[in-house]
Amino acid sequence: EPGIRLTAQIGVPGRLPLGAAEGGPMAEESPVWVVSVIGHTLDSAFSDLQQELADVVFFGHLRTVIVSEVMARDGLEHLQDYMRRNPQIRRTVRLAVAEGEAAKFMHTAPPLERVPALYLTRMLESATRLGKFPKMSLGRFWAYDSALGREPFLSYLRAEKSGNIKLKGLAYFRGEKMVGVTTSRDIDNYMAVMGVPFGGYDFLSQLSDSNQPDYYTYEVTDRWATRDVTIINGRPKATVRIFIEGKLVEAGEELVTQALIETMQKNNERLAKKNITALIKQTQKSQADIFAFGEIVRGKLPDYWNKQVGTVERWRKMYAEMPVDVRVRITFRQIGAKDR
């Protein structure tokens with residue numbers, strides 16, 4: 001029988017740790033209560049949930065919403081409608097997509113964290129603060145979904161057996177339906193295209209093609225980008241210029257010279273251009289413009305948009321066929337010091 005499984009993690013009054021961990025019999029008891037119900041609609045599921053609770057559910061305390069991949073691919077129309085109409089739900093709520101079932105995230109937490117929901121929320125907030133994931137919230141998802149020239153995305157999470165939660169990539173949408181997933185590496189590529197200034201990723205490259213090549217690690221510290229769309233023969237063409245600064249973290253046994261640094265820069269630029277172009281083509285195949293090229297056309301070329309595009313459906317088809325020129329410039333600002 002079709003329906004919606006709703007699993008909620010509810011804090012138990014008197015058991016939630018408000019400061020340093022304390023001993024005593026209460027410390028052995030779980031600070032949260034996990035309740036699961038099934039309903040034909042989201043509202044009926046919440047009604048059944050309320051029947052099992054003595055206190056009224058207050059949605060102002062809601063921090064994070066996890067939806068299963070099956071539900072995301074089927075469409076989030078019902079979830080969006082319910083949450084938009086509820087004035088208690090804050091627009092800063094974190095929304096994410098789970099690999100597999102969403103209910104298991106209500107039971108997942110590392111040994112040092114007693115409240116799984118707080119761990120999940122802090123993990124998503126830290127990822128944004130450290131430059132490992134772009135800003136995304138319920139309100140921002142709605143804004144992207146409402147725009148005519150861009151598509152929304154969410155974080156794609158996996159619950160590990162160890163109790164940790166891993167950020168697997170971007171779950172990107174076409175409208176309110178999830179149409180694809182990227183790798184975790186592509187999160188950095190997306191932020192490079194969008195020019196998110198603070199970099200939080202590093203990547204490993206090899207210096208030679210020998211049987212035992214030396215490797216080096218490059219850490220991105222800063223980046224910025226420009227995106228432009230021009231009309232050529234009546235069709236849009238996009239140009240992305242990306243500038244990345246970083247530092248050398250590790251270089252094996254190689255002697256770091258100016259010539260070697262230039263080789264590293266060229267290798268990184270070639271690899272970055274290849275990966276970013278592949279990500280853009282992946283989203284074009286799904287007709288999901290998560291890079292907001294359509295908003296650039298709509299804002300800077302309004303006459304062309306009104307006469308040749310006009311609708312989000314038309315732009316999706318044009319985006320799938322639009323050529324995109326990616327140009328990447330990478331520089332080393334710090335290489336450290338090493339005695340010999």
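1. Glu321 counts as exposed in this predicted model, with a relative accessibility of 56%. Its salt-bridge partner is Arg235, and the closest N and O atoms of the two are 2.7 Å apart. Glu321 belongs to helix α10 (residues 312–321) and Arg235 to strand β10 (residues 235–250), so the pair ties together parts that are 86 residues apart in sequence. Arg235 is partly exposed, at 44% relative accessibility.

2. A salt bridge also links Asp81 and Arg85, with 2.9 Å between the closest N and O atoms. Both residues lie in helix α3 (residues 77–85), where a spacing of four residues corresponds to about one turn of the helix. Asp81 is partly exposed, having a relative accessible area of 36%, whereas Arg85 is exposed, with a value of 66%.

3. In helix α8 (residues 293–300), Arg298 and Glu295 are three residues apart, about one turn of the helix. Their side chains meet in a salt bridge, at 3.1 Å from N to O. Arg298 has 35% relative accessibility and counts as partly exposed; Glu295, at 23%, is also partly exposed.

4. Arg185, Asp188 and Arg223 form one network, joined by salt bridges that share partners.

5. For the structure as a whole, the count comes to eleven salt bridges. Among them are the pairs Glu321 with Arg235, Asp81 with Arg85, and Arg298 with Glu295.

Technical notes:
Residues numbered from 1 in each chain as written. Predicted model: local features only at pLDDT ≥ 70, side-chain atom pairs only at ≥ 80, totals over all residues. Heavy atoms only, no water. Salt bridge = Lys/Arg side-chain N within 4 Å of Asp/Glu carboxyl O. Helix = DSSP H or I, 4+ residues; strand = E, 2+ residues; numbered from the N terminus. Buried < 20%, exposed > 50% of the residue type's maximum accessible area, 1.4 Å probe, protein only.
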